[in-house]
Amino acid sequence: MAPEQYSHGHHSSVVGVHAARTAADSAAYLLPFLEPGMAVLDVGCGPGSITADLANLVEPGPVTGLDPSEDVVAAARKLAASRGLTNIGFTAGNVYDLDYPDGTFDVVHAHQVLQHLADPVAALREMRRVTRPGGIVAVRDADFAGMSWYPELPELTEWMDTYQRIARGNGAEPDAGRRLLAWTLEAGFTEFEPSSSNWLYATAERREWFGGGWADRVLHSAFAGQALDRGLNDSAGLQRMAAGWQRWAEAADGWFLLPSGEVIAWA
């Protein structure tokens, strides 16, 4: 199965946000299970910031980051080199067809990946295949319909509606967080630990970073191209949403809560 169209794309406004993620803010549910010497596969690693943190935590264990984008893999390699990491490598690959023998890894991790897949259950089964018996498959995904914000600007409601239609048009599931447990069960796991955590944007600095980023993304990333190409919105609508994001970012009482579901599953 070929990788689906990625709803966010790889514009700098997207990759920059992903590169700011850390294991502490994006994989805290997994960290208590990590030990030095573990072999880790990070599926959908993006620019590699979380992967690099995992490599530090399991050193001298080998860590592999995998992503379908060759350009993003190249950026991840540069990041690892800049940090002087020697137990890490990156490769381009397909989550549905991992090029590793059964039971290769102690931990297989995927952050904000399953929501973009047409068949997340098949991906989970393949992740389980390359995990050793008793090892861990760890997944975390946002739940777009569970997001909430204040002030309740109509432009952000329009943004949500447009994104939902873009993602579903790609065969993806933007409300993945609430479905992780169901997918885990369907994939055949019998031992698992579900949890959830949030990202909150409610300080001036966080609002400027998050709101400004989305204002850029709705105009210049794959979001804009897909919305226009499919007739889901027009140029005026994109400008309106971008302005709404800027208004929200500048609001002294601005609040945006972004929830994610999480599951630790034992192979």
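Residues are numbered from 1 along each chain as its sequence is written. In this predicted model local features need pLDDT of at least 70, side-chain atom pairs count only at pLDDT 80 or more, totals for chains, interfaces and linings use all residues, and side-chain values use heavy atoms, with hydrogens and water left out.

Me: How many helices and strands are in the protein chain?
Reply: Helices (H or I, at least four residues) and strands (E, at least two) are DSSP runs, numbered from the N terminus. Counted this way, the protein chain has 10 helices and 8 strands.

Me: What is the radius of gyration of the protein chain?
Reply: The radius of gyration is taken over C-alpha atoms, and the globule rule is 2.2 Å times the number of residues to the power 0.38. For 267 residues that rule gives 18 Å, and the chain's value is close to it, so the chain is as compact as a globular protein of that length. Its C-alpha trace spans about 50 × 40 × 30 Å along the principal axes. The radius of gyration is 18 Å.

Me: What percentage of the 267 residues count as buried?
Reply: Buried means under 20% relative accessible area, exposed over 50%, and partly exposed in between (1.4 Å probe, protein chains only). By that cut-off, the buried share of the 267 residues is 55%.

Me: Which residues touch the most other members of the largest nonpolar core?
Reply: A nonpolar core is a set of buried Ala, Val, Leu, Ile, Met, Phe, Trp, Tyr and Cys residues joined through side-chain atoms within 4.5 Å. The largest has 30 residues, and α6, β7 (192-201), α8 (204-220), α9, α10 (235-250) and β8 (255-266) each supply at least two of its residues. Apart from it lies another core of 28 residues, among them Leu66, Val95, Leu124 and Met127. In the largest core, the residues that touch the most other members are Met147, Trp159, Phe223, Trp245, Trp248 and Phe256.

Me: Why are α6 and α9 described as roughly perpendicular?
Reply: Axes are lines fitted to C-alpha atoms, for helices over the stretch in contact, and angles run from 0 to 180 degrees between N-to-C directions. Angles under 35 degrees count as roughly parallel, over 145 as roughly antiparallel, 65 to 115 as roughly perpendicular and the rest as oblique. The axes of α6 (residues 154-169) and α9 (residues 222-229) come within 10 Å and cross at roughly 80°. The two helices are therefore roughly perpendicular.

Me: Which residues of α9 meet α6?
Reply: Contact means heavy atoms within 4.5 Å. On the α6 side, Trp159, Thr162, Tyr163 and Ile166 take part. The residues of α9 that meet them are Phe223, Gln226 and Ala227.

Me: Which residues of α9 are buried?
Reply: What covers the buried residues of this helix includes α6, α8 and α10. The buried residues of α9 are Phe223, Ala224, Gln226 and Ala227.

Me: Is α8 roughly parallel or antiparallel to α10?
Reply: Their axes are 8 Å apart, and the helices pack at an angle of about 175°. That makes α8 and α10 roughly antiparallel.

Me: Is Gly254 buried or exposed?
Reply: Gly254 lies in the loop between α10 and β8. Leaving aside neighbours within four places in sequence, Gly254 is in contact with Tyr150, Pro151, Tyr201, Ala202, Arg207 and Trp248. Because its relative accessibility is 2%, Gly254 counts as buried.

Me: What is omega for the cis peptide bond from Tyr150 to Pro151?
Reply: Most peptide bonds are trans. The bond from Tyr150 to Pro151 is cis, and Pro151 is in the loop between β6 (148-150) and α6. Another cis peptide bond joins Glu59 and Pro60, with omega about 10°. For Tyr150 to Pro151, omega is near -5°.

Me: What is phi of Gln112?
Reply: Most residues other than glycine have a negative phi. Gln112 is found in the loop between β4 (105-111) and α5 (120-129), and at 9% relative accessibility Gln112 counts as buried. Its phi is positive, near 55°.
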